[in-house]
Amino acid sequence: MTPLLVVNPRSGGGATGRSFGAMQATIERALGKVEVVMTDRPGHGIELAREGARAGHPMIVAVGGDGTIHEVVNGLMQAGRDGVELGVIGQGTGGDLRKTLGIEHRLDRYVEAIASGKRRTIDVGRFRGGGRDEHYFVNILSAGMGGLVDRYVADAPRALGGKAAYFGASFRALLAARLGNVRCTIERDGATEEHLIRSYMIAICNGRYFGGGMKVAPMADLGDGLFDVVALGATSKLGFSLTSGKIYSGAHIGQPGTVHLRASRVRLELLNADARDVYLLDVDGEPMGGLPLEVEVLPKALVLRAP
């Protein structure tokens, strides 16, 4: 069977839908004939990827932003069929996973990565919490202010545009955020540790970037079988604002108060009730519920077409 492209026509501010005819011609010149399905609602990519994998497609290609990749990964994991490969053609505004992969944001570069036949075996995170009995992520899951930003972005008028909505949501989230007192229990190599962390944000990282280019975990490796858990130590909003600016370069690592842990399993519990309504989850850039949360790494769970 041919590769299946799961396309989000609304990604890139709708540019993907408007230009996909020309894109498909470029893709098929490199990959040969492909089958195309379009998403039409949130979560639809999960269904389409799951059905495509079970139908026998050898590769499912996510065409869209990080949210589309997130949905396709969940569909592949739910399908339970070994050997189905993942391809990525980034068309969103964030592009955090492709930054970790080192792929230049150009259609020909994405297509070259897929057509090269080079493969990477990558880990996937599986979690329970945030209103989900079982869900997956491939890049980064964070708890705290990032989830609140996601919620405000989702509620913003479409007329604002992506960047304006994000900056407006970030300002609102900073005003509404509450410092979280979080019990973080980690497991690694059979040993268990418990840490009490006070932070506006804790990130459980498989990849390196989130939030449209913030290098929150510069040491993270998609295939090492471990999460990098990172929390900013600033306990005032002013301090958080100043420290968070350093995330873009990765300079926050090593700063006083910054927490960095390595783990194969993580449990997060929020201890202060005053933060419960605003200490929310951001999962591969998608808003979800809140804590408590249990996360485990599934080593080498997916095969990705990438150098």
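Author: A disulfide is taken here as a pair of cysteine sulfur atoms within 2.5 Å. By this rule the count comes to 0 disulfides. Cysteine 184 is in no disulfide, and the nearest cysteine sulfur, that of cysteine 205, lies 12 Å away. The model is a predicted one.

Buried means under 20% relative accessible area. Cysteine 184 has a relative accessible area of 0%, so it counts as buried. Cysteine 205 is likewise at 0% and therefore buried.

Now the surroundings in sequence. Strand S8 covers residues 180-188 and strand S9 covers 191-199, with aspartate 189 in the loop between them. Aspartate 189 is exposed, with a relative accessible area of 73%. Its phi is near 55 degrees, a positive value in a residue other than glycine. Most residues other than glycine have a negative phi, and most peptide bonds are trans.

Lysine 300, in strand S16, has a positive phi near 50 degrees and is not a glycine. At 54% relative accessibility, lysine 300 counts as exposed. The peptide bond from leucine 291 to proline 292 is cis, with omega near 15 degrees. Proline 292 sits in the loop between strand S15 (286-290) and strand S16 (293-305).

Serine 264 brings several of these stretches into one picture. It lies in the loop between strand S12 (259-263) and strand S13 (265-270), and at 22% relative accessibility it counts as partly exposed. Leaving out residues up to four places away in sequence, serine 264 touches Glu187, Arg188, Gly225, Leu226, Phe227, Val295, Glu296 and Val297. Serine 264 and glutamate 296 are 32 residues apart along the chain, and their C-alpha atoms are separated by 5.8 Å.

Once neighbours within four places in sequence are set aside, alanine 115 is in contact with Ala30 and Leu31.

Finally, the chain as a whole. Its secondary structure comes to 8 helices and 16 strands. Among contacts between residues at least 6 apart in sequence, 74% join residues at least 24 apart. For 307 residues, a compact globule would have a radius of gyration near 19 Å, and the protein chain agrees, because its own value is 19 Å. The C-alpha trace spans about 55 × 50 × 35 Å along its principal axes. Of the 307 residues, 52% count as buried, and cysteine 184 and cysteine 205 are both buried. The protein chain exposes about 13,200 Å², of which carbon and sulfur atoms supply 50%. The chain carries 36 positive and 33 negative charges, and the mean positions of these two groups are 4 Å apart.

Terms used. Residues are numbered from 1 along each chain as its sequence is written. This is a predicted model: local features need pLDDT of at least 70, side-chain atom pairs count only at pLDDT 80 or more; totals for chains, interfaces and linings use all residues. Side-chain values use heavy atoms; hydrogens and water are left out. Helices (H or I, at least four residues) and strands (E, at least two) are DSSP runs, numbered from the N terminus. The radius of gyration is taken over C-alpha atoms; the globule rule is 2.2 Å times the number of residues to the power 0.38. Buried means under 20% relative accessible area, exposed over 50%, partly exposed in between (1.4 Å probe, protein chains only). Contact means heavy atoms within 4.5 Å. Accessible areas come from the Shrake-Rupley method with a 1.4 Å probe; for residues, only the protein chains shown count as cover. Lys and Arg count as positive and Asp and Glu as negative; His and the chain ends are not counted. The place of a charge is taken as NZ of Lys, CZ of Arg, CG of Asp or CD of Glu.
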